[in-house]
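User: Hello, I am new to this one and would like a friendly tour. Could we go through it with questions and answers?

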Amino acid sequence: MALDYKKEYKEFYMPKGTPSIVTVPKMNYIAVRGSGNPNDEDGEYKQAIGLLYGIAFTIKMSKKSNRQIDGYFDYVVPPLEGFWWQGAASAKPNLNAATDMPPTEGRGRFLGEGVSGIDYDHKEDFQWISVIRLPDFVSKEDFEWAVREATAKKKQDFSKVELFTYDEGLCVQCMHIGSYDDEPATVEAMHRFMEEQGYVLDITDQRMHHEIYLSDARKVAPEKLKTVVRHPIRKNSDDTVKVMR
């Protein structure tokens with residue numbers, strides 16, 4: 001029976017509709033970076049999704065190719081995910097390189113303390129890293145093979161696709177049901193909860209606003225969409241000082 005990550009790891013993919021604290025382990029992803037309104041019919045975002053799934057299914061179906069990946073097991077391709085912010089194009093973080101830091105003035109909303117949120121009236125300013133989780137058995141060599149294989153078979157340029165490892169760590173998360181534009185209410189509830197539990201928001205150049213899409217927006221009504229919303233947090237140092245006293 002194929003492993004379904006959503007069912008096997010419910011704590012990461014199926015949280016309740018009330019905020020909770022979770023520690024997310026290091027994971028490997030297929031990733032494509034870009035910018036612009038995700039709703040644009042021929043925009044960069046929709047092209048990125050096509051690239052991601054092209055590689056994801058090439059790896060999944062490698063069992064029927066001449067590439068026998070060591071440790072391979074059958075699995076359901078995990079859901080589409082994304083990291084989002086608004087700001088200058090130079091603010092795109094390199095999740096693999098702590099030295100690749102964007103300038104302070106380039107850091108967009110959802111980057112730093114006191115963030116007011118996303119401006120949904122200006123989706124053309126969105127910056128994003130769209131990702132799909134990879135099984136742990138996929139090595140760098142396997143990934144590079146998949147890129148070459150997809151390029152040859154689909155006659156398409158997959159040069160924007162990259163492999164990276166992201167260690168998300170301590171986060172607050174919640175299942176959001178409804179339109180993506182209505183997420184601010186869920187985010188507000190998450191932030192209230194984390195503060196009550198003694199945490200503060202820890203969105204930085206390396207730790208970002210994260211969404212996991214459990215519904216197909218092409219087939220599901222906006223008010224029924226299920227999206228996991230996740231924000232990185234850390235312990236409130238002020239609370240630590242009070243305890244020590």
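User: Where is the place of K155?

Analyst: A word on the basis before we start: this is a predicted model, in which local features need pLDDT of at least 70 and side-chain atom pairs count only at pLDDT 80 or more, while totals for chains, interfaces and linings use all residues. Residues are numbered from 1 along each chain as its sequence is written, and side-chain values use heavy atoms, with hydrogens and water left out. Helices (H or I, at least four residues) and strands (E, at least two) are DSSP runs, numbered from the N terminus. With those names, the place of K155 is in the loop between α4 and β6.

User: What is the phi of K155, and is the residue buried or exposed?

Analyst: Most residues other than glycine have a negative phi. K155 is not a glycine, and yet its phi is positive, at about 55°. For burial, the terms are buried (under 20% relative accessible area), exposed (over 50%) and partly exposed (in between), with a 1.4 Å probe and protein chains only. K155 has a relative accessible area of 71%, so it is exposed.

User: How many helices and strands does the chain have?

Analyst: Of the 245 residues of the chain, 49% count as buried. As for its elements, the chain has six helices and nine strands.

User: Which strands pair with β5, and over how many bridges?

Analyst: Two strands pair if DSSP finds at least two bridges between them. β2 and β5 run antiparallel and are joined by eight bridges; in this pairing S35 stands opposite Q127, and V32 has S130 as its bridge partner. β4 also runs antiparallel to β5, with F83 opposite I129.

User: What does F143 touch, not counting residues up to four places away in sequence?

Analyst: Contact means heavy atoms within 4.5 Å. By that rule, and with the sequence neighbours set aside, F143 touches I30, I55, L134, V138, V161, E162 and L163.

User: Is H191 buried or exposed?

Analyst: H191 is found in helix α5, residues 183–196. Leaving aside neighbours within four places in sequence, H191 is in contact with L201 and H231. Its relative accessible area is 17%, so H191 is buried.

User: How far apart in space are A2 and D74, C-alpha to C-alpha?

Analyst: A2 lies in the segment before β1 and counts as partly exposed, at 28% relative accessibility. Not counting residues up to four places away in sequence, A2 touches D74, Y75 and V76. A2 and D74 are 72 residues apart in sequence, and their C-alpha distance is 4.8 Å.

User: Which element gives the most to the lining of the largest pocket?

Analyst: On a 1 Å grid over the protein atoms alone, a pocket is an open set of points where a 1.4 Å probe fits, with protein on both sides within 12 Å along at least five of seven lines, and lining residues have an atom within 4 Å of a point. Here 33 residues line the largest pocket, with Y45, I49, L80, Y180 and A217 nearest its centre. Two or more lining residues come from each of α3, β4 and β8. With five residues, the element that gives the most is α3.
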